[in-house]
Structure formats: C-alpha cells, structure tokens
Amino acid sequence: MEPFKVIIVEDVKLELKGTEQIFRADIPEAEIIGTAQNEGEFWKLMRQDVPDLVLLDLGLGGSTTVGVDICRQIRSRYTAVKILIFTGEVLNERLWVEVLNAGADGIILKTGNLLQRDDVMLVMHGRHYVFNEPILEKIIGRFKKLVNSESDKSDAMIEYEIDEYDERFLRHLALGYTKDMIASLRKMPFGAKSLEKRQADLISRLFPASERTGVNATRLVTRACQLHILDVNHLVADED
Amino acid sequence: MKRIASLIAVFFALVACSPHGEEQRMEIDKCNERSYHDRYINIDSTLFYATRAEELTSKGRYGWYEAQINRAYVDYQRMDFDAALERLAQVTRSSRNQFHQLSAHVLYMKIAQRVGDGETFFHHRSRAQKILARIGENHEEPGEHYAQMVTYAQSELHIVSSTYYYYLGLDSAAVREINEAYDYVRDRHDTAQWINYNYMLGSGGLILGAPEDVVMREFDHLFLTYTLATNRGYRYFEANALQSLAVLLSDSTRSADIALQRAASCSFLSTQFACEDYGDSLCFAMARRAVTLFEEYKDLYQTACAYRTMGELYFAHADYLDALEAFQHALSLVENQRKRSRQTVNPWIAGIREKLSMTYSALGDKMRSDQNRNIYLDLLDQYRQNYESENRLRELKHEVASIRVKTAVLFGLIVLTLLLAYVFVRRMNRRAQQSAQRLTDFRASAHFQTLTSEVADVRKQLAEDTEYYRDTLQVSRMHIERYKAGNVERRAKVSLVYSIIPYLDRMLAEVRKMVDSGRPDEERLQYVGELAEEIMHINDALTDWIKMTQGQLTLHVTTFSLQEIIDVIALSRPTFEQKHLTLQLPVTDVQVKADKALTLFMINTLADNARKFTPEHGMVSIGVERAEDYVEISVSDTGVGLSEHDCSVLNDSKVYDASSIGASASSKGFGFGIMNCKGIIQKYRKTSQRFAVCQFGVSSTLGQGSRFWFRLPKALSVLLALLCLSVAPSKSFAKSNPFEAMYDSIYAANVEGRHAQSLEMGIEFVRHLQPPYDTAYVVLIHNEIAVAALAMGDWPTYRRNNDECVRLHKLFTQDKSIEAYCERMQELQSNGIQVYVMLIIVSLIALVLFYLLYLRKGLRSDRLYSQLFTAVTSYIESARNHVAQYGDTSPAHLQQTVEADDFIVATEACRSSIASSGIGNHTMTRSANLVIDEVETLYQTIQHDVQQFLTLDEQCHKVSFEEDRLYVMNQIMDNCLSTIKHETMYYPARAKQLVDNMHDSEAPMGQMHELLDLLQYYREVYMLLYHQADRQVEQYSFRRQTLSAREALETFVSELTESVRRQQKRDITLRLVADEALRVVADKELLQTLLHALVADGLPNVESVSILAQAQPTDVLFRITFHGITKSDEEIERMFSPDSPSVHCLIARQIIKEHDAHCGMPGLRLHAEGGDADYSIVFTLKRA
C-alpha cells in the first residue's frame, strides 16, 4: 500500500495518543500530517495540506455531534478525501445515519477492537460503508429483523387467508377511509354492504372467538398491524 | 223518606196503643170492623159501632181515626156532608196512618162525586192514588186489618171514579174504571164491594156490546146483586138493585126479552113481589120496595132517587099526576137536605127538575115546564165535566208556584254562584298576580337567597381551594424546574460515567494486543497506565461531584395512607384486564412513614413486572400486612416465577446483570426495576435509623409465581391521619153563521109556539149536520128541539135531543177558559219548567262557558301558575341539591359530580314544562324563565369555577406526575451513580497497580492475563451499572418548544442580576444584543439551566458580561463574553472536554447534547474561545 496522509480529529489527548499509536503500530503507510482537537484547528490544517484520509471523532469539545457538520463540509469541499468516523457514540444510531448521509465512508466505534488496519485499508481502497464489528452486528440485527418482519407479513397473509381485497380494505381502513369511500375505489369491486360483511369476516379470522365481541374498525386495523398484515411504515392509499 | 214515614206511623201507632191493653185494642178493632161491615146493612148500626169505638178510645189514639171515618160515612149517607167533611179533615190533618188517610181520601171522593165537586174529587183521587202508590212501594205487610182497608179503598176508588165518569158522560172512562175495580173484588172477600161492583155493572151504561146482550148481562148483574144483597142483608144494595131492575123491566120490549131468556130469574122476582107477570106491576112493586128499603135504611139521596124512579115509571105509564107527585116528593127531600147542608147534589136536583119540566109539559103547564127546564139547564151549567181540568189547574198552579220557588231558588243560587265566581275569580286573579309577583320577586325569596348564599359558599370554598391548588401548582412547577436541572445534572454524570467506556475499551484493546502478541509492550503498558489514571481521575471527579451534590436531593418522607397509593394502582386495572389478568387490591387503613412518590414507584414497578411476567388469565395481588413496627407490602403473581438462583442473586447480590434475571429468554429483564427498588430501600436505610426496618425481598417458585415484598416503617400517629377522613182561534162568528141563523129561526118558532115547525126544522138540520160545526149553537138547537119535542110530547125525540143536548152541553160548557187557563198554566208550567230547565241549562252552559272560557283557563292558569311555581321552586331545590353536591370540593368527588351533573337536563325539563304549559300569560312564563335563566347563570358560575378548578387539578396532577417522575428518576439515577461509584472504584486503581507492577515483573504475562480478566470484569460490571443508569436517561424529560431568543436571554439576565445582587451583594454589567424576531427550538427550563451553567464558573470574578444572539443559516449562535478575564489555551481546550474539571461545563455539555438529540438537528456547537482581554463561550441552537 502506498503511503497516504491522515489528519486525526480527536479532542481527548489520551485518546489521540492511543489512536496515533495504532497508526504507528498497525498502519505504518499512514502519514499523520496533523491532529486537531477542535473544529478551528482542523480547518486550519486542511488549509495547510489536504490529506487522503480524515479520521474524525464526532464529539469535539462541548459538542458531541459537530463531526457530522465537519464531515458534510469536507465532502462538499474536498470530494476526494476519505472520511472515516472514529467515535465513542456506541449507542447513538441516529448519529451514524446522519454522518453517513453527510458523506462518511465508514464508521468505526471506539469499542471492541477499535481501529484496525483492515478497515482503514478498505476505506483507502475506495470502499464505502466500512464498519467495525459492533456496528456491523447492529446492522445485521436490524436487517434480520426487517427480513423477519417481511416474512411475518407473507406468513400472516397465508395464515389468515388475506386476499388483495382484504389487504386493500384493511389498508384503507387504517388510512381513515370510510366504507363508502373504500367501495368507490377503482380496484374495489364491492359495495359498502358487502364490505360490512367482509369486515365481520375479517374479525372472525383475525380474532380468537373469545375476543371478537366489541371489535370495531380501529381494533381490527390494529390487530392487522400486530399480525404484520399491514405495515405501519408503508400505509399508502391506492392511486385513483 | 217513605220508609221513614211508615216507621213514624208505626211509632205513633205504637204510642197510641201503648196505654191500651191488647184486649181493648181488639175491642176497638172489632167495633170499627163491625161499623164498616154494617155500612150497607144498617146505617144506624154503623153509627153505633163507630160511636162505640170512639168511646173506647180517645181522640187521636188507636182506632179513633178509623171510627171517625166510619162516622163520616154515616154522615155521608145521611147527606150531612159538612159533618162528614169535618171528620175527614181531622183524619187527613192529624192521622199519620196512611191507611186512614187512604180511607179518608176515598170517602172524600165519594162525597165529591155525590155533590158533583169534580175539583175536590180529583184532588182526593190523586192523593189516594199517591198513597196507594206509596203503599205499593212499601213491601212491608200492613197486617190483615189494614190490608182489607187497602183492598176496599182500591175497589172503592175505581167504583166511585167509574160512577163519577158515568155521570159526566165519559162512558169509556167509566167502563175502564169499573173493569179495574174487578181486580180488587173478584176474590169476593169483601162481599159488600163485590155486590157494589155487580150493582154498578147492572145499573147500566158500563157494559159494552150488542144492546140485547147488554140488557141481559145488566139483568144478570142486577139479579145477582139483588139475591146476594137479600141473602146477606145488604138493604142498600137490595134497594138499589130493585130500583134498577124496575127501570130495566119498565121497557116492555126489554122485559119481554128478559122474561124469555131469564125465565127463572123473572119467575123468582114475580114470586118475590107476588106479581103474575113481569110487566108494570112488578116494576112498580120493586120500585116501591126500593123506596121502602131506602127509607128504612135512611139514605136520603137514594130515597129521593127511588121516588124519581117511581115518577119515571108513572111518567112512562102516562100517569103524569102520580109522576108529578113522586117527582115533587123527591124534590122536597132534596130541598130539605139543601137547607141542612151547604153541600148539595146538583145533578140530583137537575135530574128531578128535568123530570118535573117534562111532567109539567106533559100536564100542559108550559110555564112550569119551562121554569123547571131553565133551572135544569142552569144546574147543568154548574155541573161541568171540567173538574178534572180544574184539579189539574190547581195542581198546575201548585206546580207553577213550586217552579217559581224553585226558579227563584235557582236564580238565587245562580246569583250566589255568580257572586262566588266573582269572588273566586278575584281571588284567582289576585293569586295569579301574587304568583306572578312571587315569580317576579323570586330573587328576594328565601329559596333564591338560600341558593345564592349556598352558591356563594361553594364558590368561596372553590376559590380557596383553587388558590391552594395554584400555590401547589406553583410549588410543583418550581420543583420540576429544580428536578429538571437536577436531572440534567445527573444525565451529565451518567455521560461522565459513560466517558470512561472508551478509555476502558482502549485499555482492553491494548491489553488484548499485548496478550495476543505474547509480550508486554512498554509503550502500550504506559498507555494503559495512563488510561487507568484517567479513569481514576474521572472517577474522582464523579465522586467529588456526587459528594458535592449529596444531600441536595433528600427523601420526601411523609405519613400517608397506603390506600391512596393503592387507589392510584387501581387506575391501571384496564391494562391488567387487557391481558385478562385479575388484579386484586387490598382495602387498608394502614399509614406508613415513607417517601410517597418512591413507594408508588416501587409498587408500580413490582406490579408492572408481575403483569409482564404473568401469563393470561393469571392473577396479580397486592397485599398489605402489619407487623409491630413495620408494614410489609407485597406483590404476588401467578407468573413464570424465578429460579432459586435468580432469587438468591436478587436477594443477596449488590451487583448483578439485571437483564439476565428471569426463567426464560422471553421473561428476561426482570431485574432492572427490582434493582431500582432495592436501591430505594438501600437509600431509606442510609437516610435514617428510623428506616432500619426497611427491607426488600423476593420468594418465588419457578412456574408458580413470585412474591416481591418490601417493608416500610409504620406511621406513629394513626389518629392524626384519621382526622383527614363526610290538575186562537177567534171565536168571532160571522153574522153569516148558518148555525146561528138556524138557531134563531128554531128558537123563534118555539117562542111563537110553532113547536112542530121548530121540531121539523131542527131534526132536518141535525140530520144533515156535518162537522165542523159550532157546538154552542148545536147544543142550543138540540135544546130547542128538545123543548119543541117536550112541548109536542114527543118523548123519544125529547129524550134523544135532551140527552144529546146534555152531552154536547157538557162538552161545550167545558170551561174553555179554564182549559185555556190550564193550557196557559200548562204552558206556564211547561214554560216554567222550560224557564226552569232553560235556567238550569243556561246556568250550566254559563257555568260550562265560565269554566271553559275563564275558570278553566283561570284554574288551569292557577294550576299552571302553581305548577310553574312548583316547577321553579323544585328547580331551585334541584339547583340547591346540585350545588350541595359541589360542597365537597375534593377533586375526585367534583369530577364525579361534573360527569354526573344532569342539571342541564333539569333545566331543559323545567323549560320545556314551562313552554308546554301553554300559559298565555307571557309575563308569567317570562318571569319564570328569567328566574330559571338566573339560576342557571348562577349555577353556571359554579360549573365554571368547578371546571376551572378541575382543569387546575388536572394540571396539578400532570405537574405533580412530572414532578414525581423527575424526582423518582433523579433518586434512581443517584442510586445508580452511587452504586457505580462504590462498586467500580477499585478496578481502575487495581489495573493501574497491575500495569505498574508489570514493569518490574519477571512474569509480566501472567499479570497481563490478570489485567485482561480484571478489565473485562470491570467493563462488564461497569456496563451493567451504566445501563441501569442509562435506562433512566432514556426516559425523556426534554420538552421541545419554540422560544424567543431575546425573551429567554432577558429572563436569564434579570435572574442573574438579581442573583448576583443577592448573593454577592454587588452589581454586574450585563449587555444583551439579540434580534427580537430571533426564535430558537429549545427546552425552556434547560436553556435557562444552560445559561446559568455557562456563566457559573466565570461569575464570581467577572464584572461585565455581554451576551450576543446572532442568526445563522440553520441555527442561532449565542456568544457569552466575559470581559476582563482571560483563560489559557489549555483551560479553553479542556473547558468542555469530557475530563473538564468544571461540573457546570459538563452540565452545559449535557444540555447541548440533549438539544442535539431532540431538536432534530445534529451539529450544535459548544466551545470556548479565548481573547486578549476576555474569553467567550459560544454555543448554537436550532433556529426556528
């Protein structure tokens, strides 16, 4: 690997020390052209020499998220510069997304094995979305959950014998449509009376016998959401 | 009434008989009965026994009246009518015995019939009939004696009536009467009456049918009468029968027929009177015998009649002189009687006069004949048949008078009614006015006043309570402000705790690398040592900080009833029901001394855990047990339970992995809340010796359920707590009248003695007579024909015309005026009745109209007014009751009352009842509605106050909830931080020690492994404790608002100035530069806390501070410049770093971090900038 220039942005001296040590020990190709403890120092350094990689801590001084803003600015001003986030915000998932949106190439959490040569190299080789293990675990966990949820939906459709009309009916009920409004939908070949029957039928399918009394449209829709028949995040009305 | 009358009669009868013995009574009865019995046998005997009976008793006593009747009969037969009438008058006047009255009236009738006094006749007839009707209605048996009297009276009444009508020429009426008499005589008990009946039928005119048959039947009756009377000694009837038989047989045609058809009877009669044939000799014999018998019997009337009969017989045999003698004898007898008595028998005299007229005519004495005829005609005039009319007239007069009286009374009543109506109407109007006035003046009424004062009382109470609640709310808000500041401080502490993690991770990473490489690295070791030192440094800072704030948040220990907490727990019942769980709550009066918010938190946490880990249809129960000095509160469930190991961990371990507690993976997470509960109990124990009894424990069986319990000290004074418990035709004839003309010519012929011509003209005229005719002239014509016939000696023509004349005369002479008067009277009566009826009808109509038009309206109005008044009064009562419900100003009660408040229903009901009442008087309804409006307004003020109060109470609840939440959160965070401090202090120091030792160690790798183990355990424990604290951090207290930057800064500046002046007793120059339009997104309280935190460090030494708020593209930049103070670069650098020595800076950092996280825009700045003669703190907030 060819040598490359790095600027480390870290406000805690002791941590900076550790990070520098990692570079020295594990990534000797990296030439630390400067370290900055705050925003001002960093931009000063940038004006002096543009690095190949910026190792950016998200929290600087009193601000825990200033890194997001810095990342965005780097990306807009220095498109070629690789940005690797090295942060202790191990729980703030939202911030991860923010910083990825701001243009970061990867996020390394200051936990576990910390910064590893492989991760830095991947970034330097132009890989996007480079994460260390703890963050990957989280991403995989979320992904599994999503996939499971989707399979839950298809399972529910089969389990509760939901046809496209049932789904459309439930979805529009959830969107606050009245039965008359639903009956007037282009893709809904049923009258309001027929929908009443369909609703009663759905109640008998989705609720055990002991819980059917007093179930109204709201309760039915809620149940459909709980059973993953409806996806709360994708409640969209049919285009008419 | 009749019953009473008869009872009275019986009473008098009893009184009358009382002094007599039964024997004497019988004797009297016997005499009277004998007297009655001998009436037609021997009139002297009748008199004798009657006198005897009279002697046996005394006036008015038993049997006396009856004796008087019998004596009156004797007087009647002797034609001493005055005496008879006097006796009868005594009876009718004094006797209360209706039987005596009846007998007296019947005798009156006989006398009236005989004297031809129709008026009296009918009067007594009707009286007698009334008595009979009364007796008929009285079903009581009158006794044999009286029964006989009644039967006699009934038969006699009809027989006399028949006689009366017969002489009036009203044959059909006479026949009707005699037939009616039959009913009472047919049983022949009263032989005399039976004979009388038969005589009546035989005497002629009362039997209808073919003349031959009639003669035969009359003969039969007379013969029967004769034989019966002869056999039984009834001389009177014997004489009468003979007289009638003599007249009957005097006609040769008839006598031949009778002799042929009734040979035996005729034979018997001829034998009896020693006659050879049934011709004239027998008639004369019988007539003479009759005269003899009557003379013996001493019946003057009948004697005269007998002589007249004799005269007629002589006349029939043209023996006019003997006839004249007989008639004159009869007349003399009559004239004698006339001298004795005022009452005389006119028809009797008339009859004799007519016969004399005929006899004189036959003798050729035209002058005497005419004389007698004129007397005859005069008498006829007097004897009219209109007595009935007269009687009716009198009755009518009587009735008219009665109607007049009744009308007068009715009129009087109407006047009285009108008067009463007037009074009533006046009273009603007055009452209506009063009612209206009462309604108008309702505001002054006691009802309304009471309501007003009650409303005022309730409002006053509410105002007081509202004031109190406002204060409470204010205090709570201050608490929240403080707790929020405290909370952010604790969050800052937690952040500080967290800041150790990266160091720890770095240590671990370094050590792992060394372990992996198998050799210690000096540089790395040094770095690990430095990191350990830094951790120790942060720990120290944390410890200092915790120490510094220790005592700032103490437990709020109060004495309270556990029931209050249980009532709050009860509110979460639906969440249990949703999961089909039974939540059992105790009812307790236990008072405990503890922190209420924390106790609620603990029970809630435990109950919540139980709910989470108990499967459907299970049960969660909360128990309260009292011990000597503590109260044990337990939460039991029928849930999944805990393993023995988990139980021991929970009971004994200070530090454990809360997330690992629980029987199965699905039930993991049992431990966090429990850890907090344990922490709270620990805090109690640490606070005071009083809380030494505080303990926390758990007992559980896997799969069967758990029981969590904790103990709190019992309140000392239970009593103190108990105190806290409360609705005409014109009669003008034209001169051309043919009747008048005919009469004039016939009369002229008679006067001129041209009797034959007169007779011829008359008969010719009468033959062609066709109705209608003028009765008066027809009578006169018949009279002239009779006169002519009389003069001519044409007896049959005379008889026929005389009879016709008499008949028509009787008809014509009916007193038309009386009739007319009668009619008038009748009319008057009917008019009277009509008037009477009209008056009644008019009165009724008037009453109905009065009722309908006024009274009903009035009454209805009156009733409606009173209903209205009642409605309004009861409405006010209802209002008072409703107001009274607000007397208890406890929020729960008020809330319940407001929800159940049906006053609007009462108001609407009252309004609709007024509207539906349909009172025309709008003033009234308006007044009522005004009262209702006023009451409603009054009531609404209370409702408004209550609503306000409840809103306030709700706010208080909300604020109090927030307050408690923050308070509990802070307490728990304190516990967590305290635990972290206590449980983890050792590790970094030990790590440092190990690192240090490694430098000199011969076998450093052993220590390196030890270090790794230590650090791994340290991290594990640390993370456990951190997560516990972090869970609290996750509970947001952040409230995002859009604020005016200038306002926020002005508030800050004024507070700061005041604070400096108060605390440092000096003034500070504060310059503020901020655009008014500048708005930021922030938490109001946190922003103030931030500002205060930022100036806190520099404040003691600074004299001038300028604050600038500047707009930037997406945010607002705040710059606080401390003039005259400088900071070194290092100080500036470290100011907001995690290892900042300033707690205020750490808090400021935490606040910015939270705004970063909750305002939807990461990248907020917070840093310090140094200057030549000052330094500035810069921070940004999202621009709104």
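In this predicted model, 25 residues of chain B are in contact with 24 residues of chain A. On the chain B side, at least two residues each come from α22 (500-517), α23 (522-549), α43 (1143-1158) and β13 (1166-1170). Sorted by class, the residues of chain B that touch chain A are 12 nonpolar, 3 polar and 10 charged.

Within chain B, one helix pair can be followed in detail. Helix α16 (residues 300-316) of chain B packs against helix α17 (residues 320-340) of chain B, with the axes 7 Å apart and at an angle of about 165°. Angles over 145 degrees count as roughly antiparallel, and α16(B) and α17(B) are therefore roughly antiparallel to each other. The crossing of α16(B) past α17(B) is left-handed. From α16(B), the contact includes Leu300(B), Ala304(B), Tyr307(B), Arg308(B), Gly311(B) and Phe315(B). Among the residues that α17(B) contributes are Tyr320(B), Asp322(B), Phe327(B), Ala330(B), Leu333(B) and Gln337(B). By class, this contact of α16(B) with α17(B) has 13 nonpolar, 4 polar and 2 charged residues.

Further along chain B there are paired strands. Strand β11 (residues 1104-1111) of chain B and strand β12 (residues 1115-1123) of chain B are antiparallel and share 8 bridges. They form a hairpin, with 3 residues between β11(B) and β12(B). In this pairing, Ser1104(B) is opposite His1123(B) of β12(B). β12(B) also pairs with strand β14 (residues 1174-1182) of chain B, again in the antiparallel sense, through 9 bridges. Here Val1116(B) faces Leu1181(B), which belongs to β14(B).

Key: Residues are numbered from 1 along each chain as its sequence is written. Chains are lettered from A and ligands numbered from 1 in the order in which they are written. This is a predicted model: local features need pLDDT of at least 70, side-chain atom pairs count only at pLDDT 80 or more; totals for chains, interfaces and linings use all residues. Axes are lines fitted to C-alpha atoms, for helices over the stretch in contact, and angles run from 0 to 180 degrees between N-to-C directions. Helices (H or I, at least four residues) and strands (E, at least two) are DSSP runs, numbered from the N terminus. Angles under 35 degrees count as roughly parallel, over 145 as roughly antiparallel, 65 to 115 as roughly perpendicular and the rest as oblique. A crossing is left-handed if the near helix is turned anticlockwise from the far one by less than a right angle, and right-handed if clockwise. Two residues are in contact if their C-beta atoms, placed from the backbone, lie within 7 Å. Ala, Val, Leu, Ile, Met, Phe, Trp, Tyr, Cys and Pro count as nonpolar, Asp, Glu, Lys and Arg as charged, and the others, Gly among them, as polar. Two strands pair if DSSP finds at least two bridges between them.
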